[in-house]
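Subject: Structure for you to look at

Hello,

Here is the structure I said I would pass on. My notes on it follow below.

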Amino acid sequence: MKVTIYEVGPRDGLQNESVTVPVEVKREFVRRLAEAGLTTIEATSFVHPKWVPQLADAAELLADLPRAPGVRYPVLVPNERGLDRALDCARKHGGVTDIAIFGSATETFAQRNLNRTLESQFEMFAPVVERALAAGLRVRAYVSMCFADPWEGPVAPEQVARVGRRLLDLGCYELSLGDTIGVGTPGHVDALLDAFEDAGVGLDRLAVHFHDTYGQALANTLAALRRGITVVDASTGGIGGCPYAKSATGNLATEDLVWMLDGLGVETGVDVRSLAVTSLWLADILGRPSPSRVVQALAKEL
Ligand code: HMG
Ligand code: MG
């Protein structure tokens with residue numbers, strides 16, 4: 001079995017920091033992640049710079065990223081204006097091969113995160129996907145609030161599957177299931193995957209994206225792997241969150257994931273110690289320790 005790690009630290013992690021990290025630090029962060037063996041590194045977002053000022057330097061960052069063979073740098077794109085900015089970057093500097101749209105399973109979060117209703121988010125995404133595919137880009141989709149939403153409470157798996165299917169049907173190659181506020185448990189994961197199968201979506205089209213608010217992200221990941229999911233989102237050092245869902249904390253730490261997969265004998269090609277060194281370096285810059293237990297344990301021997 002091989003698991004692909006979809007690293008989101010530079011995007012999901014740094015979008016949620018109270019300080020804006022200088023572009024040179026972001027570039028060094030991404031360089032170190034690639035050097036540790038990660039091959040899919042979500043680098044930044046082309047969202048409205050007023051909505052997420054921490055990532056307003058997206059074009060500057062992408063202008064000069066290390067171009068290692070086989071390493072892809074997906075970027076979040078919510079709308080056509082964001083796509084124009086991404087395509088402009090691709091024209092000037094190359095390197096933009098993958099984008100990701102991000103939808104909401106709930107009405108309230110669609111309005112808070114995208115300033116759109118749940119229904120009108122699809123109208124916003126449809127031309128983005130169409131034009132991105134025509135330009136030769138790959139398009140991933142996220143669906144957020146897969147288990148519960150801070151304003152609406154528990155979310156029915158069938159509702160998530162309906163929204164997720166519509167996002168995939170726009171032409172996306174993969175759908176990442178976001179537990180944005182990190183409240184799910186393995187039973188919820190099974191129920192959600194059942195709902196997708198019932199909706200006719202093959203599990204080979206799905207990835208998982210767990211935030212670790214209640215310490216369940218690794219257990220949830222194992223539940224998903226046991227069902228045959230092979231793409232897992234994670235964030236080096238366990239940084240992350242969503243500025244438009246205050247109860248969201250960091251993502252599953254990439255080190256926690258790699259430690260578990262190494263133990264299971266699952267191939268990832270990623271060096272956990274090298275990642276931990278990077279997390280310790282970044283923690284100094286961010287001024288707070290990594291929440292990852294694996295980083296804390298390795299710190300004693302590094
Ligand atoms: P809006 O205010 O409705 O935008 O924001 P608009 O379409 O009405 O346009 C208003 C003005 O903004 C226009 O300028 C546009 O050109 C400009 P004007 O004509 O007035 O001068 N504009 C832009 N400028 C630069 N880049 C753009 C852009 N779009 C419009 N892309 C919008 C709508 C979607 C843009 C806004 O709501 C937004 O940026 N939201 C993003 C929020 C965000 O980034 N959240 C975090 C990421 S999602 C997440 O973390 C969850 C995930 O990790 C999975 C999980 O954990 O569940 C993925
Ligand atoms: Mg997230």
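Helices (H or I, at least four residues) and strands (E, at least two) are DSSP runs, numbered from the N terminus. The model is predicted, so local features need pLDDT of at least 70 and side-chain atom pairs count only at pLDDT 80 or more, while totals for chains, interfaces and linings use all residues. Residues are numbered from 1 along each chain as its sequence is written, chains are lettered from A and ligands numbered from 1 in the order in which they are written, and side-chain values use heavy atoms, with hydrogens and water left out.

Helix α6 covers residues 118–134. Just after α6, G136 has a positive phi of about 85 degrees.

**V270**

V270 sits in the loop between α10 (254–264) and α11 (272–286). It counts as buried because its relative accessibility is 10%. Leaving aside neighbours within four places in sequence, V270 is in contact (heavy atoms within 4.5 Å) with I5, A36, G37, L38, V258 and L275. Its C-alpha atom is 9.0 Å from that of T39, 231 residues away along the chain.

**Pockets and the cavity**

On a 1 Å grid over the protein atoms alone, a cavity is a set of points where a 1.4 Å probe fits but cannot get out, and a pocket is an open set with protein on both sides within 12 Å along at least five of seven lines; lining residues have an atom within 4 Å of a point. A volume is the space filled by probe spheres set on the points, which are joined across faces, edges and corners.

The largest pocket has a volume of about 560 Å³. It is lined by 33 residues, with V47, P78, F102, N113 and L114 the closest to its centre. The second largest pocket has a volume of about 200 Å³, and of its 15 lining residues, G238, I239, T249, G250 and P291 lie nearest the centre.

The count of cavities of 30 Å³ or more is 1. The largest cavity has a volume of about 60 Å³, and its lining includes T236, I239, L282, R288 and P291.

Regards

Key:
The expected span of a helix is 1.5 Å times one less than its number of residues. Buried means under 20% relative accessible area, exposed over 50%, partly exposed in between (1.4 Å probe, protein chains only).
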